[in-house]
Amino acid sequence: MKLFAQLIYVLGATTKTNEKLKALQEYFAIANDKDKVWVIALFTGRRPKRVISSTLIKTWCAEYCNLPLWLFDECYHTVGDLSETIALLITGEENADTIDRPLHYYIESFIQLAKASEEEKKNFMLKSWEELGTVSGRFVFNKLLSGAFRIGVSQQLLIQALAKVTDLEKPVVAHRITGNWDPAVISFDELMNNSDMEADASRPYPFYLAYPLEDLPDTLGNTDEWQAEWKWDGIRGQLIKRSNTLFTWSRGEELVTEKFPEYNSLKDLLPEGIVLDGEIIPAIEGKPLPFAKMQTRIGRKNISKKILQEVPVCFFVYDILEFEGKDMRQIPLVDRRKLLEQITAAINHPALQISPVISFDTWDELAAIRVNSRENLAEGLMLKRKSSSYQTGRKIGDWWKWKIEPLVIDAVMIYAQKGSGRRSNLYTDYTFAVKDGEKLVSFAKAYSGLTDKEIAQVDNFVKRNSLEKFGPVRTVKPELVFELAFEGIAASSRHKSGVALRFPRINRWRKDKKPEDINTIDDLKNMLEVYGK
Amino acid sequence: MPLIEFTDSGLYCRAGNFYIDPWKPVERAIITHAHSDHARHGSKYYLCHHKTKPILQLRLGDNNYQSVEWNESISMNGVKISLHPAGHIIGSSQIRVEHNGEVWVFSGDYKLEDDGLSGAFEPVKCNVFITESTFGLPIYKWKKQSVIYHDIQQWVLKNQADDKASVIIAYSLGKAQRVLQAISAVTDNIFVHGAIWNTQEALLMAGENLPVVKRVNPDSSKADFKNAVVIAPPGADGSPWMKRFTPYSLAICSGWMQVRGNARRRNADRGFVLSDHADWDGLLTAVKATGAEKVFVTHGFQAAFSKYLNENGIAAAEVKTAYGNDEETETSIEV
């Protein structure tokens, strides 16, 4: 575990891509094969399931350290990370001479413990805490135990490191680590050298992601070279038919076929050996519904008839990656598009819509069209170079997303909470309110958008102007005014204000404004009327 | 009337008519140590330890200073005052105040481990103890100084092997001298920022024995810094002043480095958990050693620490003061 803990330490400590890459390469060069497979699994979102609930781990740690629970909670709010809090609290000299068990020993133990009694789980946890002599070792152990591993390493970086170590091409590595494989049974060699595509018919391609366009589009050159489409606000996905079976993947590398039964009827219509790239969007008669509707069905295990009627999904397809079993990604976009148009026209099914191409002659004309994005339930425009191949990951140059300006509203901060990770021990998570007559009504939380210096100032304000002394949330004097930006607004019965915002964040601190100058609940309702229906 | 009152100007002893570490100008101030949140401008008279005086002179200019040795008693209006080592930085002292058989002690800032520079913390029996609580949560537990020094030394050697300078961020008074103590065992190629240079000069004048260092000058050439160690105060971190040391590796020495997120936020290559404050166990040990029947908890995690003391049979209350943050916020415009 030392080697793995060291890797996690370096990845967390450095912000330099080169050093992260170096650490990954060194790890893959010397770690044992079983551990390597688990690391790839962990870094690609294939976390082992949680063995013990956070509440139990917390309770057992407080008991083990002989601390009252309230004090444990204070520590947790300050550290902002449960696994780290526990790793720091467990007393014991740093001891480098303890047994160094491999990563897979712990993960395999967790899998075996899945059905064990609470007592057995607890014993294993306590034994491991004592065995793991260092804070960093206990930290990664707790992360695995609580199923909370999230690592700041991009897929790109992982692929790059593996490509170096295995002498394979990057796209090959990307493809091999994608899809449906089980880290508990596959060996490193099988995973990396599996040239047999048939072995897993469901395997998607790595997604090609667009870069945000910061400059004006005229910097892109001639308009003839570019294809424009709406940028849909849905779930990016791939629709695959191989071996006469249909698979739906989300960009989060999740097989979501079961969640979208609407696509089942496409199975017999699609030709064998095809992979389509597009957006999973709730839509009725080809017209998208607000994304908030989608959120009412995403989390559900069972998709009821009622939901299928009220929030049916459609696949807005915009690219074809495989046709008749052949990889099409190197063919220019303009040719892929022609093929795609023929296929969708032939199928002619309401669950499969082609994402229309927007015709335009000048950039100014396109800019005028972009202004209407929200009315079209889009987040803006996509600009794709007609000659572009379908690349891997976020690459600059050929695909751009040109989003519309966000909606904004002025609000006052009323609650604050300490953050986590880099924001540990700082009040960085805020709740905002607008005016409702003489009262304030909370309507949004936001975590990002301030500079480090501003965060320090707000943190100082919260510490001096809060009511509570304990617990995670501080009620603060409603004094600081911020302009919030958000992408969309929808009616919500779960929020006191009656609205739910999409991607709210702090646009700027309005030091020039007083709490009485902020917007009102009626302003929000007007926005809902215009943009949320 | 309690022997020491908590007023808008600071801790006030009415019977002796003096303040301890006041944050507003007063007639008579007793100073625990020379950090800027405890020793402020504008008072008419300052009483401090012999070793604090030269630094006060450097930082506050010429004033009416009186200095004393530890455990030497003086009297003000019949109130007996003595200073006792606090182990925080050079000259740092706890202030013991005795009147009509009642003893109060203000800890100032303190740590229990003897760092070899600041004098060993002395537990002082008292009725009422006023303690800091900068690191008053059980997540803060320090390793031994020797272990941390070893880590710092290894890091410097590693950087030298990689052909990099080692830039270490440390508070100019206290931490910088400890870092110096650690690295002088492995190198004599040491540069310091102007703020640390000035402190060093004042300490040398006062007879402290410190390793030889070079000042970073505007006309120093880039080649001078190759494989060198540079000690700089927090205010220099992230400023263009740092560019001249490239290529370098950056480390921060502070108790706050205990938590990963704090270390990551500072964007340093390494965080060394080296503090001049007591950790959780240190605070508890110090409080118990005083035998105090009442404890006031100031700057830090005062709510949590005082609640814990109350639950464990020690009557405690929290007090708001203007101290704190020396580990985080030292800024310096001197170059």
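1. Let's start with one spot where the chains touch. This is a predicted model, and in it the side chains of A:Lys16 and B:Asp269 meet in a salt bridge, with 2.9 Å from N to O. The count between chain A and chain B is 2 salt bridges, and you'll also find 10 residue pairs in polar contact, both partners at pLDDT 80 or more.

2. Which helices of chain A each supply at least two residues of the side that touches chain B? They are H1 (2-13), H5 (69-79) and H6 (82-89). H5(A) gives the most, with 6 residues. Sorted by class, this side of chain A has 14 nonpolar, 8 polar and 11 charged residues.

3. Now zoom out to the whole contact. Chain A puts in 33 residues and chain B 29 residues. Together the two chains bury about 2600 Å², and 55% of that is on carbon and sulfur atoms. Have a look at A:Trp70, A:Leu88 and A:Arg422: they supply 23% of the area that chain A buries against chain B, more than any other three residues.

4. On to the inside. The largest nonpolar core has 119 residues, and A:Phe4, A:Ile40, A:Phe43 and A:Phe141 touch the most other members. Helix H3 of chain A (residues 33-43) gives the most to this core, with 7 residues.

5. Setting aside neighbours within four places in sequence, A:Phe4 is in contact with A:Tyr27, A:Val39, A:Leu42, A:Leu103, A:Val140 and A:Phe149.

How values were computed
Residues are numbered from 1 along each chain as its sequence is written. Chains are lettered from A and ligands numbered from 1 in the order in which they are written. This is a predicted model: local features need pLDDT of at least 70, side-chain atom pairs count only at pLDDT 80 or more; totals for chains, interfaces and linings use all residues. Side-chain values use heavy atoms; hydrogens and water are left out. Contact means heavy atoms within 4.5 Å. Buried area is the accessible area (1.4 Å probe) that two parts lose on being put together, summed over both. A salt bridge is a side-chain nitrogen of Lys or Arg within 4 Å of a carboxyl oxygen of Asp or Glu. A polar contact is a pair of N or O atoms within 3.5 Å; within protein, one must be able to donate a hydrogen and the other to accept it, and residues adjacent in sequence count only if both atoms are side-chain atoms. Helices (H or I, at least four residues) and strands (E, at least two) are DSSP runs, numbered from the N terminus. Ala, Val, Leu, Ile, Met, Phe, Trp, Tyr, Cys and Pro count as nonpolar, Asp, Glu, Lys and Arg as charged, and the others, Gly among them, as polar. A nonpolar core is a set of buried Ala, Val, Leu, Ile, Met, Phe, Trp, Tyr and Cys residues joined through side-chain atoms within 4.5 Å. Buried means under 20% relative accessible area, exposed over 50%, partly exposed in between (1.4 Å probe, protein chains only).
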